[in-house]
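Hi everyone, thanks for coming.

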Amino acid sequence: MLVGARGQAKDLIGCLEDDGRFRIVCLLDEIAETRLLGHAVVRPEAYDGGCRDALLAIGLPEAKVKVLAQYERFAFRWQSFVDRRSFVSPHAELGEGCIVAPFATLSGDVRVGAHVYVAAYAGAGHDSVIGDLCSLLPYSGLGGGSRIGARCTLGAGAHLLPGITIGNDVMVAGSATVTRDLPDRVTAFGTPARTMARV
Ligand SMILES: CC(C)(COP(=O)(O)OP(=O)(O)OC[C@H]1O[C@@H](n2cnc3c(N)ncnc32)[C@H](O)[C@@H]1OP(=O)(O)O)[C@@H](O)C(=O)NCCC(=O)NCCS
């Protein structure tokens with residue numbers, strides 16, 4: 001089952017159907033819509049708990065945190081999905097519940113936490129570390145040896161130069177280039193990136 005029935009779920013449904021190895025039982029979400037791309041959307045109060053194998057179809061870290069807490073009672077077994085058109089090095093480590101989209105690249109000995117979303121064409125290189133619940137949006141990337149804390153987002157096309165370390169809960173804006181280490185809870189814009197505190 002897919003947890004989440006919004007944009008990220010649409011992308012994931014396409015990948016799962018194309019892959020052919022999965023049967024989507026239903027999608028779990030609180031939205032008013034009852035179907036998404038031909039699949040039933042079930043509200044949590046109506047869900048019978050029948051399927052425990054779940055993929056977290058949520059794009060942004062804050063929403064992942066909220067949804068994981070909200071649905072803890074269902075005791076889902078979080079599965080990972082690695083699209084066959086991505087590249088994941090045999091030396092890479094992935095935590096539970098990760099989504100690796102087509103054409104994403106996790107090379108070298110990258111270490112990826114739990115519930116990380118690596119979107120199409122995003123990637124990370126050797127010696128890099130990605131914390132739990134991060135999202136690397138399309139075409140974003142970490143240079144070799146860079147590290148990001150938990151719950152960070154790299155916006156579309158954002159990059160970290162090699163060896164950069166950023167804290168927890170950081171939002172790197174689309175197309176930004178991070179050239180210096182960043183503390184916790186900042187938004188970084190532009191090239192070279194400048195920061196402002198996140199509220
Ligand atoms: C960083 C971000 C979260 C800021 O969102 P926000 O808080 O809603 O900010 P706003 O859109 O109100 O913009 C605030 C200011 O920052 C500027 N800004 C927004 N995004 C920017 C970016 N990526 N680079 C540079 N400046 C940016 C805006 O022009 C605006 O400037 P102004 O105050 O002079 O008018 C968002 O712009 C972003 O980059 N998100 C990533 C989204 C993404 O990559 N999605 C991928 C979908 S596939």
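Two quick ground rules. Residues are counted from 1 along each chain, in the order its sequence is written. And please remember that this is a predicted model: local features need pLDDT of at least 70, side-chain atom pairs count only at pLDDT 80 or more, and totals for chains, interfaces and linings use all residues.

Okay, the whole thing. The protein chain has two helices and 25 strands. Here helices (H or I, at least four residues) and strands (E, at least two) are DSSP runs, numbered from the N terminus. Along its principal axes, the C-alpha trace spans about 50 × 40 × 25 Å. The radius of gyration is 17 Å, close to the 16 Å that the globule rule gives for 199 residues, so the chain is as compact as a globular protein of that length. That radius is taken over C-alpha atoms, and the globule rule is 2.2 Å times the number of residues to the power 0.38.

Now the domains. Domain 1 covers 2-78 and domain 2 covers 81-191, with bounds that come from an automatic or database domain assignment. Their centres, taken over C-alpha atoms, are 23 Å apart. Domain 1 puts 13 residues into the contact and domain 2 puts in 16 residues; contact means that the C-beta atoms of two residues, placed from the backbone, lie within 7 Å. On the domain 1 side, helix 1 (7-19), strand 5 (53-56) and helix 2 (61-70) each give two or more residues. Helix 1 has the largest share, with five residues. Sorted by class, that side has nine nonpolar, one polar and three charged residues. For the classes, Ala, Val, Leu, Ile, Met, Phe, Trp, Tyr, Cys and Pro count as nonpolar, Asp, Glu, Lys and Arg as charged, and the others, Gly among them, as polar.

Let's stay with strand 5 for a moment. Which strands does strand 5 pair with? One is strand 1 (residues 2-3), in the parallel sense over two bridges, where Leu 2 has Leu 55 as its bridge partner. Another is strand 6 (residues 77-78), also parallel and joined by two bridges, with Asp 53 partnered by Arg 77. From strand 5 the chain crosses through helix 2 to strand 6, a right-handed β-α-β crossover. Right-handed means that, with the strands pointing away from the viewer, the path from the first strand over the helix to the second runs clockwise. And strands pair if DSSP finds at least two bridges between them.

Next, an open sheet of six strands, in the order 8-11-14-17-20-23, with parallel pairing. Strand 8 (87-88) and strand 23 (177-178) are its edges, each pairing on one side only. His 159 stands opposite Thr 177 in strand 23.

There is also an open sheet of five strands, ordered 9-12-15-18-21, with parallel pairing. Strand 9 (93-94) and strand 21 (165-166) each have a single partner strand, so one side of each is left without a neighbour in the sheet. Leu 94 sits opposite Val 112 in strand 12.

Last stop: what surrounds the ligand? Residues around the ligand include Leu 137, Pro 138, Met 171 and Phe 189, counted if the C-beta atom, placed from the backbone, lies within 6 Å. That shell has six nonpolar, five polar and no charged residues. Thanks, that's me done!
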